[in-house]
Amino acid sequence: MKKIATGNKAVAEAIKQANPAVVAAYPITPQTEIVETIADYVTSGQLASRYIPVESEHSAMAACIGASVTGVRTFTATSSHGLLYMHEMTNWAAGARLPIVMANVNRALGPGWNIWAEHTDALQERDTGWLQVYVATVQEAYDATLMAFVIAEHNDVLLPVMVNLDGFSLSHIMQPLDTVEPGDFIPPLHLPHAIDPKNPTSYGGLTGPNDYFRFRWDIERSMRDSVKVIDATQKEFAKRFGRSYGFTDDYRCEDADVVLVSMGTFGKEAEVAIDILRKEGIKAGSMRLRWFRPFPHLDLAGKEIVVVDRDYSFGSGGILAHEIKAQTKKDVYSVIAGIGGQEVTYDDLADFVRKRRMGTEFWFGVNTNV
Amino acid sequence: MFEIRIHSRGGQGGVTAARLLAMAALHDGKYATACPFYGAERRGAPVVSFVRIDDHPIKVYSQIRDPDLVVVLDASVMDTIDVLNGLKKGGNVLINSAHKQEFAGFVTRNVDLTGIALRENLVVAGSPILNTPVLGALAKMGICSAGSVKKAIREMFSDERNVKAAEAAYKELIA
């Protein structure tokens, strides 16, 4: 059914249909509407989940871990400082191989205190073993949340998945949303290592270097295996519900000389910039990276690359730019823009391409090439 | 693409008006996005929300810089805010006011939304509700159809006085 919904409401709608047994969450701007809506569903009887209103995000993730290890579906949502407060537990969730799904509404980190969009919060979680997908429309927030459960709970993955949406620019925008009847698209969860009182086992015990090393490799092996699971899940989703998603969302890239790579809502607005550039005779394309972990293979051979990072690693550079340089072994034009909710328009994005200087870094609004 | 900027004060329903307009446009078979500009909102402070309507999916997320239409739900915001900022040449202005207003170079219409809300007794916490009557005025201006406006209002509100207020504004606005 078509309706108008915010990105936050779209995530909550998907949760109603995914029907997790436990939702443990703590409200934080701009995520609040997700957990408020889920709490409403629970109190009004529309959702049979046990909703645990915890006292902190660290406890939210701990509660999800405790619930998930019993073999039931779990969900939480957070943002920014809330996500970083979870950080110890996000590592635990992945290491314990628990298919927890989380929505993270990307927001800048203080100080200065700032509630607007930035990706540095989620990117600081990149080495935890969580899969990460970044969405750009209300519809995609809904679709990706449904798919996140299928992927996380797949036997070849059994790793947590984080669905990322830009604070305010996606969490609070109202766009058309077409909800589906998922039916058996999300199969029941069978966690092979779930607690079983009839078969007592110890969890989280001291692990020597040799076993620990094997456990770590097993996370990486599953991360690599997740590529085909993501691919199959997205194909199955397209078959059932008619909407196709890839690891990237490519726009006019085939014959492009220069490709603008970004994540989140910039990646959609970039398509408008590409149309403007094409009219000027600049053969440009846009590649919106959806999956950041596992980091996909990017087909950028023979093209100049402009990367827009809505994040930064101090003393190093744009995080996405580094990932792309490492994979392509090529110089890029690295643009740092949109941090802390900085307004970036399609005209600005087009300008980044027009004024590219490969091998340099440009801070939009500061106007110096580093 | 048709771009609308709505000026109001926190608590007057500008964001809900934007949402209702997007819903009505969707019922008309169009694509629409609505978004509030979020700053440090509080009741009574001037706030802005945006609506985009198009025949194609809308890919723009940045703020509207040069709207086709400016809606002013509370004329007193004009004391401190230049509501005409960026408005396209010959663009439209809709003001909630019982008095006719003119702005050189723009097409200005007025309708007494506050009076309509008070007549219909649409008052919440002491504030007249403006977000449903304004939809009637927008329908009269051809931004969306009257049928879709009623459908959108009924989806969000069970109180039929909201529909009556929209109908009154439709009737009273001189298109």
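Two strands pair if DSSP finds at least two bridges between them. Helices (H or I, at least four residues) and strands (E, at least two) are DSSP runs, numbered from the N terminus. The model is predicted, so local features need pLDDT of at least 70 and side-chain atom pairs count only at pLDDT 80 or more, while totals for chains, interfaces and linings use all residues. Residues are numbered from 1 along each chain as its sequence is written, and chains are lettered from A and ligands numbered from 1 in the order in which they are written.

**Entry 1: the seven-stranded sheet of chain A**

I started with the strand order. It reads E3-E2-E4-E5-E7-E6-E12 in chain A, an open sheet of 7 strands with mixed pairing. Which strands stand at the edges? I found strand E3 (50-53) and strand E12 (291-293) of chain A there; each has a single partner strand, so one side of each has no neighbour in the sheet. On average, and ignoring direction, neighbouring strands are turned by 20° against each other (axes are lines fitted to C-alpha atoms, for helices over the stretch in contact, and angles run from 0 to 180 degrees between N-to-C directions).

Next I checked partners. Strand E2 (residues 22-25) of chain A runs parallel to E3(A), with 4 bridges between them, and Ala24(A) sits opposite Ile52(A) of E3(A). Strand E4 (residues 74-78) of chain A is also parallel to its partner E5(A), again with 4 bridges. There I noted Thr78(A) opposite Asn104(A) of E5(A). On to E5(A) and strand E7 (residues 161-166) of chain A: they are parallel too, joined by 6 bridges, and Asn106(A) faces Asp166(A) of E7(A).

**Entry 2: strand E5 of chain A**

How many residues of strand E5 (residues 101-106) of chain A are buried? I got 6 of the 6, so the strand is largely enclosed by the rest of the structure (buried is 20 or more other C-beta atoms within 10 Å of a residue's own, exposed is 12 or fewer, partly exposed is in between, with C-beta atoms placed from the backbone).

**Entry 3: the six-stranded sheet of chain A**

I found another open sheet in chain A, with 6 strands in the order E9-E11-E10-E13-E14-E15 and mixed pairing. Strand E9 (248-251) and strand E15 (361-363) of chain A are its edges; each has a single partner strand, so one side of each is left without a neighbour. Inside this sheet I looked up strand E10 (residues 258-262) and strand E13 (residues 304-309) of chain A, which are parallel and joined by 4 bridges. Val258(A) stands across from Glu304(A) of E13(A).

What packs on this sheet? Helix H9 (residues 265-279) of chain A touches E9, E10, strand E11 (284-289) and E13 of chain A, and makes about 175° with E11(A). Helix H11 (residues 346-354) of chain A touches E10, E11, E13 and strand E14 (333-336) of chain A, and makes about 130° with E10(A).

**Entry 4: strand E1 of chain B**

I moved to chain B. In strand E1 (residues 2-9) of chain B, 7 of the 8 residues are buried, so this strand is largely enclosed by the rest of the structure. E1(B) runs antiparallel to strand E3 (residues 46-54) of chain B over 8 bridges, with Ser8(B) opposite Val47(B) of E3(B). E1(B) also pairs with strand E4 (residues 69-72) of chain B, in the parallel sense over 4 bridges; here Ile4(B) is opposite Leu69(B) of E4(B).

**Entry 5: helices of chain B**

H3(B) has 10 of its 10 residues buried, so the rest of the structure largely encloses it. Among them I listed Val134(B), Leu135(B) and Lys140(B). Just after H3(B), I saw that Gly142(B) takes a positive phi of about 85°.

I then took helix H1 (residues 14-27) and helix H3 (residues 131-140) of chain B: their axes come within 9 Å and cross at roughly 45°. The contact uses Thr16(B), Ala17(B), Leu20(B), Leu21(B) and Ala24(B) of H1(B), with Asn131(B), Val134(B), Leu135(B) and Leu138(B) of H3(B) (contact is two C-beta atoms, placed from the backbone, within 7 Å).

**Entry 6: where the chains touch**

Last, I counted 15 residues from chain B and 18 from chain A in the contact. On chain B, H1 and strand E2 (31-36) each supply at least two residues of the side that touches chain A. Which element gives the largest share of that side? I found E2(B), with 5 residues.
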